[in-house]
Amino acid sequence: MKKLEIVIKPFKLEQVKEALTNLGIQGITVTEVKGFGRQKGHTELYRGAEYTVDFLPKVKIEVVLKEDLVESAIEKTIKAASTGNIGDGKIFVTPVEEVVRIRTGERGEEAI
Amino acid sequence: MTKLTTLIFMFSMGLIFTGAEAFAGEEEPKIVAADTAWMLISCALVMLMVPGLALFYGGMDRSKNILSTLLLSFVCLGVITVQWTLFGYSLAFGGDVGKVIGDFSFVALNGVGLEPNGTIPHQLFMVFQMMFAILTPALISGALVGRMKFKTFVVFIILWSTLVYDPLCHWVWGGGWISDLGALDFAGGLVVHISSGVSALAACILLGKRKGFPAEPMPPHNLTLTLLGAGLLWFGWFGFNAGSELAADAVAASAFVVTQIAAGAGLLGWMFTEWYHRGKPTLLGAASGGVAGLVAITPAAGFVGPISAIMIGVIAGAVCYMAVVAKHRFGYDDSLDVFAVHGIGGTIGAILTGLFATAAIGGTDGLFFGNPGQLVIQLVSVAAAWVYSFGVTFAILKVLDATMGLRVSEQDEVQGLDLSLHGERGYTL
């Protein structure tokens, strides 16, 4: 089992969710986050004073998958989230040791 | 034949009209229903400016101080209502003492009944003036947000209203020396805006900067609130300016019209100046410019025409923007720019009234209509309002600093005043 942490531009959330659910993925967790990468921040203007905002709003999706779905999930996510501009985001892939469904106590792939 | 009849008819009507006027002159002053109705509405309109101002300010501050910022304005509705009822009204509008202050004849509204004052009940005049007295210290609060002790603020506004607002109001509207001078201040350029703006400058200098200013960015946390507030202010300002005629008549209509025109022109003046200077038009700029235009037309409404109102609004919008930018050069932390918008805007309005006033509207000409003396009078009255407001505010706060302390602890300031002073939060998400 693998976990994908997908950081994307907030307005791409709908499309990425569609792409993942089309693969048969049954659950995702979404968080509004802030951060910066190579895109850096932006400037804001209030009454003539410029403020530099270092952290940009992004959306982070966490999804746990069976091994065989990982590559296609990555591929579909890239397709859905890409604008071709700097700041499109990243996907982090990590191994997952165990998954437990709280209601039934099922474990492993059964519980995903 | 028909012509002759018409002439005779008009002539006799003229006689009746003149006769009626002469007769009315001898009669006791009478309450006029239309004037009373308009003034009741105007009072309510001006009252709405106080929560409007609270929102205008609240949105510009940081989210951890939203409630404390709202409360600084809103509490004036409580404190000054009682102060004005007990003795404030008497100090401003009681019998004149030496052209500087009213006497105690109206203390606790003694003798302020429902008899006519002009063409409206005396109590209605009193409560209309009360709304002005409430709004003015609320305006100052924008310079003090995020760091002032609440209890010191409450004592401050009682003292400030008693020692600054009430005397100044008497000088200009209560039969004091500035009104004898012939200064034009239709709805409070001196009494409301210069007094609050200049006092805000004195206050924020004594109070000191917010922790972290200016190195740490402190952007507005919710400009949608600010626009709502600006909208309520604009709406209420019709009562503020057109109501200051104290009658539902032609001058009130003229004041209403130029209020709208100057506000619109101010919006554009600020927005385009910022756009030119920084490359982008902003909502906060448009909202601030509208308010700057309203501030500047306040003394001039009832004295100037529509094209003059455009000039006044555009100049106020542009100059107030520049005053905000200049703040960063001087380094004082007038947090929400009370001095730049109300102090400078009020000063511009009072001076421009001396240029643009025309006898055709308000009975007095300014410099551009052949009466340069009016400009001199305006300048003298502006200087008096500046010096008096700054000096007395400075003295009050020096005393409060020595006795009660002005600032909250650094820990409370960092945590945010909503939690540390009031034990509540604006947003629980």
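**A walk through chain A and its partner**

Let us begin with contacts, where two residues count if their C-beta atoms, placed from the backbone, lie within 7 Å. Among contacts in chain A between residues at least 6 apart in sequence, 68% join residues at least 24 apart. Please keep in mind that this is a predicted model, in which local features need pLDDT of at least 70, side-chain atom pairs count only at pLDDT 80 or more, and totals for chains, interfaces and linings use all residues. Residues are numbered from 1 along each chain as its sequence is written, while chains are lettered from A and ligands numbered from 1 in the order in which they are written.

Next comes the fold. Chain A has 2 helices and 6 strands (DSSP runs numbered from the N terminus, with helices being H or I of at least four residues and strands being E of at least two). Starting at the N terminus, the order of elements in chain A is β-α-β-β-β-β-α-β. The radius of gyration of chain A, taken over C-alpha atoms, is 17 Å, well over the 13 Å that the globule rule (2.2 Å times the number of residues to the power 0.38) gives for 112 residues, so chain A is more spread out than a compact globule. Its C-alpha trace spans about 60 × 30 × 20 Å along the principal axes.

Finally, meet the neighbour: 7 residues of chain A are in contact with 16 residues of chain B. On the side of chain A that touches chain B, the elements giving two or more residues are β3 (42–46) and β4 (49–53) of chain A. β3(A) gives the most, with 3 residues.
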